[in-house]
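Student: Could we go through this model together, element by element? I would like to start with what counts as a contact.

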Amino acid sequence: MNYFPWLTIIVVFPIVAGSLIFFFPHRGNKVIRWYTVFLCIIELLLTTYAFGYHFQLDDPLIQLTEDYKWINFFEFYWRLGIDGISIGPILLTGFITTLATLAAWPITKDSRLFHFLMLAMYSGQIGPFSSQDLLLFFIMWELELIPVYLLLSMWGGKKRLYSATKFILYTAGGSIFLLIGVLGIGLYGSNEPILNFETSANQSYPLVLEILFYIGFFIAFAVKLPIMPLHTWLPDTHGEAHYSTCMLLAGILLKMGAYGLIRINMELLPHAHSLFSPWLIIVGAIQIIYAASTSPGQLKLKKRIAYSSVSHMGFIIIGIGSISDTGLNGAMLQIISHGFIGAALFFLAGTSYDRIRLVYLDEMGGMAVGIPKIFTTFSIFSMASLALPGMSGFVAELIVFFGILTSPKYLLMTKILIIFVMAIGIILTPIYSLSMLRQMFYGYKLFSATNSNFFDSGPRELFVSISILLPVIAIGIYPDFVFSLSIDKVEAVLSNYFCR
């Protein structure tokens, strides 16, 4: 046994060390930036060290567990632990947050508060992925909201207060359902609340109650991982937020919803999940097509990318709904893959906005002459987003396809229909991403203007783009090192469905 509290340190370190920022001198922008990047890198190294040396990949049980009594009054524990499903998102969080702090260098307004909020988000994002207690999960889930709201309402675009209020209403409204579900599961059948994930996983409920719990949790996670009717906060939020915030939102915040669906709805409520999974697949297929056909109609660049990320979330929903280990592994891979690609697209959109100060796509054009490096990286990531073979998006979507095909739950005709619909979505994806490239970079519109104020991406921006590009290509060529994390745990989760 390893008794050193690795996970507590990993969760608590960013927000505690980040609160020291307020003791820094008010004018030291450079010091604050370097301090934040330094903290993020230390945290990432800590995480990789703890996972590399103290985590056994072939063990599907919860590892690195910690269990401290926190509040005696109502049996509230500080329970942490990770397994194959949560190790991927945690590493993704560390990676994307480090790059997002690097991306936030141009920010000079209130930089102490900004960097503290970035580090607080870091803690609030690792928290849900590593908590093994339902109430702790809820608290960490809520901890995320305040930094995002402040980052939106202080450093956003023109309509920032509107979008920040919309975000907080949607997510807090979803969290109410999450809290009801958590308390319902915790208080069912006993006087003291039982909030441990492992004991709740072995608990069996009456079917009606389980369906009610399922619907509550599903609404909460459907707001975060935007599922179709509840997705409207996302384009507004992404359209207004500063692009470093966008990287965190698209890269990690959306993945918390998918993680919650796998962790709570699949593991704790298997009967209800096997009832609801056909509907999940239908919703996912509709969402892929709906978002991919809404995206070309968007005038703003960031809103177009936001709709594309809504469309990619449909694959995760379908992978979770196809109750097969191939499909669930594909959903896990799509979580990681879209975390990289979405963050990179928002970063590049933000850097090009820094150059030309234009928001609408109709006003852009001919930028490829002035900023060739940004043009190259943007093209590469657009190709990755439309699932070019050799990139991670292709592997993930292909494996979700295979997951539907090999699923023992559905009939052949339904499989053919679903795959037909998904294929239409895959055809619609190049339409919006390539038309976005054409409107931005080709043509003569800005080329005739004075090009003297254009300067291409510097070493910092190139570093961010390339460090996101490398894992995307690596996963595309050799996806096995992502599967090796989750494959045993996925089998353990799905054994609930076929042993009953």
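Tutor: Contact means heavy atoms within 4.5 Å. Please keep in mind throughout that this is a predicted model.

Student: Then which residues is Ile194 in contact with, leaving aside its neighbours within four places in sequence?

Tutor: Once those neighbours are set aside, Ile194 touches Ile185, Gly186, Thr199 and Ser200.

Student: And where is the place of Ile194?

Tutor: Ile194 sits in the loop between α7 (160-187) and α8 (197-201). Its C-alpha is 9.3 Å in space from that of Leu183, and the two are 11 residues apart in sequence.

Student: Changing topic: what does UniProt list for residues 131-415?

Tutor: An unreviewed UniProt entry gives that span as "domain: NADH:quinone oxidoreductase/Mrp antiporter transmembrane". In the model, residues 131-415 are 77% helix and 0% strand, and the end C-alpha atoms of the span lie 36 Å apart.

Student: How many residues of α10 are buried?

Tutor: The helix is mostly covered, with 8 of its 8 residues buried. They are Trp233, Leu234, Pro235, Asp236, Thr237, His238, Gly239 and Glu240.

Student: What covers the buried residues of α10?

Tutor: The covering elements include α6 (145-155), α7, α9 (207-224), α11 (243-266), α13 and α14 (325-356).

Student: Let us take α13 from that list. At what angle do the axes of α10 and α13 cross?

Tutor: The axes of α10 (residues 233-240) and α13 (residues 301-321) cross at roughly 140° and come within 8 Å. At that angle α10 is oblique to α13, since antiparallel would require over 145 degrees. The crossing in which α10 passes α13 is right-handed.

Student: Which residues make that contact?

Tutor: From α10 there are Leu234, Pro235, Asp236, His238 and Gly239, and from α13 there are Lys302, Lys303, Ala306, Tyr307, Ser309 and Val310. By class, the contact of α10 with α13 comprises 5 nonpolar, 3 polar and 3 charged residues.

Student: How do α13 and α18 run relative to each other?

Tutor: Their axes cross at roughly 160° and come within 11 Å. The two helices are therefore roughly antiparallel, and their crossing is left-handed.

Student: Which residues of α13 and α18 meet?

Tutor: On the α13 side are Leu301, Arg304, Ile305, Ser308, Ser311, His312, Phe315 and Ile318. On the α18 side are Met422, Ile426, Thr429, Tyr432, Ser435, Met436, Gln439 and Met440. The contact of α13 with α18 divides into 9 nonpolar, 6 polar and 1 charged.

Student: Why would the residue numbers on one helix face be spaced like that?

Tutor: An α-helix has 3.6 residues a turn, so residues three or four places apart point the same way.

Student: And α12 with α18: at what angle do they pack?

Tutor: Helix α12 (residues 270-294) packs against α18 (residues 412-441) at about 20°, with the axes 8 Å apart. They are therefore roughly parallel to each other, and α12 passes α18 in a left-handed crossing.

Student: Which residues meet there, and how do they divide by class?

Tutor: Ile281, Ala285, Ile288, Ile289, Ala292 and Ser293 of α12 face Ile418, Val421, Met422, Ile424, Gly425, Leu428 and Tyr432 of α18. The contact of α12 with α18 has 11 nonpolar residues, 2 polar and no charged.

Student: Finally, is Lys30 buried or exposed?

Tutor: Lys30, in helix α2 (residues 29-54), counts as exposed at 58% relative accessibility. From C-alpha to C-alpha, Lys30 and Thr245 are 19 Å apart in space, and they are 215 residues apart in sequence.

Conventions: Residues are numbered from 1 along each chain as its sequence is written. This is a predicted model: local features need pLDDT of at least 70, side-chain atom pairs count only at pLDDT 80 or more; totals for chains, interfaces and linings use all residues. Side-chain values use heavy atoms; hydrogens and water are left out. UniProt positions are given in the numbering used here, feature names are shortened, and annotations may be inferred rather than shown by experiment. Helices (H or I, at least four residues) and strands (E, at least two) are DSSP runs, numbered from the N terminus. Axes are lines fitted to C-alpha atoms, for helices over the stretch in contact, and angles run from 0 to 180 degrees between N-to-C directions. Angles under 35 degrees count as roughly parallel, over 145 as roughly antiparallel, 65 to 115 as roughly perpendicular and the rest as oblique. A crossing is left-handed if the near helix is turned anticlockwise from the far one by less than a right angle, and right-handed if clockwise. Ala, Val, Leu, Ile, Met, Phe, Trp, Tyr, Cys and Pro count as nonpolar, Asp, Glu, Lys and Arg as charged, and the others, Gly among them, as polar. Buried means under 20% relative accessible area, exposed over 50%, partly exposed in between (1.4 Å probe, protein chains only).
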